[in-house]
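Open the model in your viewer and keep the selection tool at hand. The stops below say what to select and what is found there.

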Amino acid sequence: MTNSVDGAAVSAYASKLHIPRASSRPGETSDFQSLAIPPAGSLRQPPLDVSPQDTADLAHGMVRVLDDEGRAVGAWAPELTPRQLRAGLRHMLHVRAYDERMFRMQRQGKLSFYMKCTGEEAVAVAQAMALEDGDMLFPTYRQQGLLFVRGRPLVDMMCHCISNAGDNLKGRQMPVFYSWKQGNFFSISGNLATQYSQAVGWAMASAYKGEDHIAAAWVGDGSTAEADVHNAMLFAATYRAPVLLNVVNNQWAISTPQSFASTGTTFAARGLGFNIPSLRVDGNDFLAVYAVTRWAAARARAGHGPTFVELFTYRVEGHSTSDNPAGYRSSDEAAAWPLGDPIERLKQHLVNLGEWSDEQHTALAAELQASVAGDWKRAIALGTLEDGPHWPVESMFEDVFKEIPEHLRRQQEKVRAKS
Ligand SMILES: Cc1ncc(C[n+]2csc(CCOP(=O)(O)OP(=O)(O)O)c2C)c(N)n1
Ligand SMILES: [Mg+2]
């Protein structure tokens with residue numbers, strides 16, 4: 001069948017469905033050659049009151065500070081003392097040691113489920129260090145580094161993961177879905193992206209009450225497809241809420257490549273359509289992540305409203321302990337990632353400054369592994385997954401309603417009678 005346009009015959013079936021490609025599939029050789037990665041130090045730092053459209057180059061580019069030799073270059077290089085840099089390195093090594101231990105414990109059947117953030121440690125660690133303690137965090141399950149910087153005891157996190165008597169959530173949440181009110185760390189939700197609108201609502205309330213604390217929210221690349229993200233961005237832009245909206249683009253959403261949610265451009269570019277200043281940052285560059293977060297937080301505190309930030313990184317390991325990435329991506333992909341490892345890059349920077357050495361690094365990694373092993377022993381002394389003690393079953397009726405409704409009270413009595 002043919003149609004006619006301006007007298008010329010055209011096929012009525014010329015349209016084609018575009019199916020995005022993965023960065024690699026099993027058996028293929030990984031090749032990130034087509035990624036446009038600007039040199040470190042090449043992007044400008046705009047004023048805090050920049051207009052959203054004047055951030056287009058930053059949304060399509062990538063803020064980078066650490067160059068290939070580990071030097072800090074360009075307008076975004078933050079003023080951090082060697083002591084602060086070493087604290088950042090320590091937190092990242094601590095997170096990695098914790099992840100490795102918990103993963104092994106899951107494999108030995110001592111916890112039911114776990115999620116690592118290997119390769120993405122700089123995101124949560126540098127961002128938490130750049131924010132104020134009173135700022136409210138609305139994370140996903142992959143920002144455990146926030147808790148390390150805010151000082152949550154690891155024993156508490158482990159107790160949560162094995163739902164023993166020391167679990168602050170009384171066995172009502174999945175492992176790694178932490179909640180820590182004292183640290184201004186909002187409860188993690190299994191329903192992806194709900195935290196985005198909650199963060200915007202919290203930030204609107206903070207501004208309405210005249211407080212100076214801001215909110216920060218995180219969402220994964222795949223989860224940006226959720227309507228909640230778009231609803232949140234609309235409210236944030238309209239009311240100029242003091243919020244930092246982060247997208248952690250780690251290239252994968254379980255087995256779905258980021259290309260299925262990115263629409264063929266950067267995630268950061270989506271912020272421009274909502275009239276929100278937007279930037280993309282090298283998420284494996286501790287200094288760049290810190291600098292961009294400081295800038296966005298200063299904007300929010302000065303009354304300039306939200307900032308949308310894409311953190312460009314790579315999920316080195318499986319999505320969770322229930323996932324095997326060998327089924328959907330090439331086994332050499334993590335090694336081919338061109339932006340390196342965040343811990344190695346910050347280490348190299350400190351060594352260049354004469355403020356760190358290979359020996360100190362090896363000793364610190366060993367010290368932290370031993371400290372995590374000690375924490376695990378203290379956690380299981382409060383109960384194991386298999387044998388408990390756990391919170392009693394009837395406690396599930398508590399803390400939900402101010403007054404327990406009659407039908408639930410009857411159920412609670414039945415449970416009590418049985419136990
Ligand atoms: C609303 C909703 N849809 C689907 C899921 C199942 N699910 C859990 S994690 C996940 C992938 C998320 O990927 P991404 O947003 O990129 O975050 P990442 O895990 O890579 O950090 C999916 C589809 C869910 N938990 N909630
Ligand atoms: Mg992802």
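An axis here is a line fitted to C-alpha atoms, for helices over the stretch in contact, and angles run from 0 to 180 degrees between N-to-C directions. Helices (H or I, at least four residues) and strands (E, at least two) are DSSP runs, numbered from the N terminus. This is a predicted model, in which local features need pLDDT of at least 70 and side-chain atom pairs count only at pLDDT 80 or more, while totals for chains, interfaces and linings use all residues. Residues are numbered from 1 along each chain as its sequence is written, and chains are lettered from A and ligands numbered from 1 in the order in which they are written.

**Stop 1: α5 and α12**

Select residues 154-162, which are helix α5, and residues 358-380, which are helix α12. The axes of α5 and α12 come within 9 Å and cross at roughly 55°. That makes α5 oblique to α12; angles under 35 degrees count as roughly parallel, over 145 as roughly antiparallel, 65 to 115 as roughly perpendicular and the rest as oblique. Two residues are in contact if their C-beta atoms, placed from the backbone, lie within 7 Å. On α5 the contact includes Met158 and Ile162, and on α12 it includes Val372 and Trp376. This contact has eight nonpolar, no polar and two charged residues. Ala, Val, Leu, Ile, Met, Phe, Trp, Tyr, Cys and Pro count as nonpolar, Asp, Glu, Lys and Arg as charged, and the others, Gly among them, as polar.

Now select serine 163, in the loop between α5 and α6. Its phi is near 50°, a positive value in a residue other than glycine.

**Stop 2: α2 and its partners**

Among the contact residues are Leu93 and Ala97 of α2, and Leu368 and Trp376 of α12. The contact of α2 with α12 divides into nine nonpolar, two polar and two charged residues.

**Stop 3**

In what order do the five strands of the open sheet lie? The order is β3-β4-β5-β9-β8, and the pairing is parallel. Two strands pair if DSSP finds at least two bridges between them. Select the edge strands, β3 (136-138) and β8 (278-282), each of which pairs on one side only. The twist averages 20° from one strand to the next.

Three bridges join β3 to β4 (residues 215-220). Methionine 136 stands opposite alanine 215 in β4. Helix α6 (residues 194-208) packs on the sheet, touching β3, β4 and β5. Helix α9 (residues 286-301) also packs on the sheet, touching β5, β8 and β9.

**Stop 4: ligand 1**

Select ligand 1, which 16 residues surround; a residue is near a molecule if its C-beta atom, placed from the backbone, lies within 6 Å of it. The closest are Leu192, Gly220, Gly222, Ser223 and Ala253. The shell has five nonpolar, eight polar and three charged residues.

**Stop 5: a cis bond**

Finish at proline 389, in the loop between α12 and α13. A cis peptide bond joins glycine 388 and proline 389, with omega about 5°.
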